[in-house]
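This report describes a single protein for a reader who has not seen it before. Please look over the sequence and the structure below before reading on.

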Amino acid sequence: NGIYIEKTYCSNPIEYNDYIIDKINLIDDAWGTVLDCKESKKAITDTKYLKTLTDKILKSFKKLKGYDGESEFKKSAVNYTTHMNKVSKKELPEFMKIITTDAILTEKGAARSEELIPILDGVRENLFALFEKEQEVFATKNNFKIEGK
């Protein structure tokens with residue numbers, strides 16, 4: 001809904017899970033918006049938003065106490081968010097500049113974009129898979145099911 005709420009404590013495991021998931025969903029929505037851009041200036045603006053958003057979320061995660069001493073699920077969310085923050089500063093703007101300014105990619109631009117894809121998407125997918133695994137472990141430990149699983 002675009003409203004950003006920050007918590008330092010969650011009273012039950014589902015609230016904790018949902019809070020973390022909501023933040024990750026915000027990041028993924030911003031990521032998708034950037035990648036859908038066809039125009040360079042908008043892509044840069046959207047990339048800056050992703051950086052600002054991940055900065056805020058990292059601060060939120062730092063303030064959030066692990067539910068019942070939990071740390072791995074939150075840590076995996078922090079690692080994912082940190083990666084998204086890092087790439088929003090360098091690799092993502094470079095990638096978006098290449099793909100939005102060259103209607104037909106130059107050979108150099110095409111080669112560089114191919115180098116960036118494993119950093120942008122490969123690492124992101126691996127970190128997200130680890131995040132989902134840790135969410136499953138947390139859900140199992142706290143006796144709830146994740147929707148869609």
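## Crossing of α1 and α5

In this predicted model, helix α1 makes a left-handed crossing with helix α5. The helix α1 covers residues 13-36 and α5 covers residues 107-141; their axes come within 12 Å and cross at roughly 165°. An angle over 145 degrees counts as roughly antiparallel, so α1 is roughly antiparallel to α5.

On the α1 side, the contact is made by P13, Y16, N17, I20, I21, I24, D28 and W31. The residues they meet in α5 are L120, D121, R124, F128, F131, Q135 and F138. Sorted by class, this contact has ten nonpolar residues, two polar ones and three charged ones.

## Overall architecture

The protein has five helices and zero strands. Followed along the sequence, the pattern is α-α-α-α-α. The C-alpha trace spans about 55 × 25 × 25 Å along its principal axes.

The protein has 149 residues, of which 38% count as buried. Among contacts with a separation of 6 or more, 72% join residues 24 or more positions apart.

In soluble globular proteins, nonpolar side chains tend to be buried together. The largest nonpolar core here holds 34 residues, and I20, I24 and I27 touch the most other members. At least two residues of this core come from each of α1, α2 (40-63), α3 (72-89), α4 (91-101) and α5. The largest share, nine residues, is supplied by α1.

Two of the residues that touch the most other core members, I20 and I24, are also listed in the contact of α1 with α5. As for I27, its contacts beyond four places in sequence are L50, L53, T54, I57, Y80, T81 and M84.

## A buried charged residue

Is E134 buried or exposed? Its relative accessible area is 13%. Buried means under 20%, so E134 is buried.

Setting aside neighbours within four places in sequence, E134 is in contact with E72, F73 and S76. The C-alpha atoms of E134 and K75 are 9.0 Å apart in space, although these two residues are 59 residues apart in sequence.

Conventions
Residues numbered from 1 in each chain as written. Predicted model: local features only at pLDDT ≥ 70, side-chain atom pairs only at ≥ 80, totals over all residues. Heavy atoms only, no water. Axes fitted to C-alpha atoms, helices over the stretch in contact; angles between N-to-C directions. Helix = DSSP H or I, 4+ residues; strand = E, 2+ residues; numbered from the N terminus. Parallel < 35°, antiparallel > 145°, perpendicular 65-115°, else oblique. Left-handed = near helix turned anticlockwise from the far one by under 90°. Contact = heavy atoms within 4.5 Å. Nonpolar A, V, L, I, M, F, W, Y, C, P; charged D, E, K, R; others polar. Buried < 20%, exposed > 50% of the residue type's maximum accessible area, 1.4 Å probe, protein only. Core = buried A, V, L, I, M, F, W, Y, C linked by side-chain atoms within 4.5 Å.
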